[in-house]
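Please walk through this structure one local feature at a time, keeping the sequence beside the coordinates as you read.

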Amino acid sequence: MRRLRPLPAVRRRWSYRALVTVLLPGLALVGCGSGAGTTADRGAVVSTSPPAPGHNGKITTTDGAAFASEVSPVTAADLGQSWRPGCPVGPEQLRRVRLSYRDFDGGSRIGTIVVHESVVSDVITIFRDLYQSQFPIRRMQPVDAYGGSDDRSMADDNTSAFNCRPVVSTGPAKWSEHAYGTAVDVNPVENPYLIESQVLPPAGTAYTDRAGQRPGMAAPGGVLVEAFAAAGWHWGGEFRSPDYQHFSRDGR
């Protein structure tokens, strides 16, 4: 979320229609709906996106599956109701990134995230590092799969990025950083947003005690926080109203 530090903020949501998932060429995918997502065949897969510096675009991990990524443009129709005229960025500035991630059983899966074109390289590098480090992610699909509802996406423990919505604070209304496609929320249940007396999503209440580290959690010096920090991104867990799921390029 885009926020004004250190003032607390609350989220505003919108309602949208479901996303039609497009299969990643070269991968056999299974799974559906708000379940565990899609699963890639075990075996080497070559990245179709430009490799990050220091990488050859193909990483073989412990189960034999290689990291894969694919970048493609999007249209207004692709974004569904997660975008509308008047948003701070247009579809031509956004990119759909299909990439590998590890589920909570250690399996290799393929997810989709929509981000601003300027952060595509960062996002691929970050999720490549998380994949190589075996950091688990529950699921990853655009918020439009939840009708654009931030509440529904969070409740499903969905990792997502672009969603054209404002953030409300005690000051003037501002666009959320997600409305620019330059913020990512990771594992919202394991990493809830704490605002005043609210825990978002409510299922994240079990994770408000951050003392004991459990799979999928963000922590100072941990794999998730360090992967984003290495790319120069900022963690919302350091906000006055901690937003443990939130990572952004500009620190808002």
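A residue is called buried when its relative accessible area is under 20%, exposed when it is over 50%, and partly exposed in between, with a 1.4 Å probe and protein chains only. The model is a predicted one, in which local features need pLDDT of at least 70 and side-chain atom pairs count only at pLDDT 80 or more, whereas totals for chains, interfaces and linings use all residues. Residues are numbered from 1 along each chain as its sequence is written, and side-chain values use heavy atoms, with hydrogens and water left out.

A disulfide is taken to be a pair of cysteine sulfur atoms within 2.5 Å, and by this rule the count comes to 1. The bond is formed by C87 and C164, whose sulfur atoms are 2.1 Å apart, and with -115° about the S-S bond the link is left-handed. Because C87 lies in the loop between α1 (76–79) and β4 while C164 lies in the loop between β7 (158–159) and β8 (166–169), the pair ties together parts that are 77 residues apart in sequence. C87 is buried, at a relative accessible area of 12%, and C164 is likewise buried, at 0%.

The element names used here refer to DSSP runs numbered from the N terminus, helices being H or I with at least four residues and strands being E with at least two. Two strands pair if DSSP finds at least two bridges between them. Strand β4 (residues 94–102) and β5 pair in the antiparallel sense over 9 bridges, and within this pairing L99 has G111 of β5 as its bridge partner. The hairpin of β4 and β5 has 5 residues between the strands, and there G106 takes a positive phi near 85°. As for covering, 9 of the 9 residues of strand β5 (residues 108–116) are buried.

Another set of strands forms an open sheet of 3, in the order β10-β14-β13 and with antiparallel pairing. Since β10 and β13 (234–235) stand at the edges, each with a single partner strand, one side of each is left without a neighbour in the sheet. The antiparallel strands β10 and β14 (residues 246–248) are joined by 3 bridges, and D185 has H246 of β14 as its bridge partner.

Turning to the helices, α2 (residues 120–132) and α4 (residues 223–230) pack at an angle of about 150°, with their axes 9 Å apart; such axes are lines fitted to C-alpha atoms over the stretch in contact, and angles run from 0 to 180 degrees between N-to-C directions. The contact, meaning heavy atoms within 4.5 Å, is made by I126, D129 and L130 of α2 and by V223, L224, A227 and F228 of α4.

Some details of the backbone remain to be visited. A cis peptide bond, with omega about 0°, joins L200 and P201, and P201 is found in the loop between β12 (198–200) and α4. Q134, a residue other than glycine, has a positive phi near 65°; Q134 is found in the loop between α2 and β6 (139–140) and is partly exposed, at 31% relative accessibility. N187 is also a residue other than glycine with a positive phi, near 45°, and N187 is found in the loop between β10 (183–185) and β11 (193–195), where N187 counts as buried at 0% relative accessibility.
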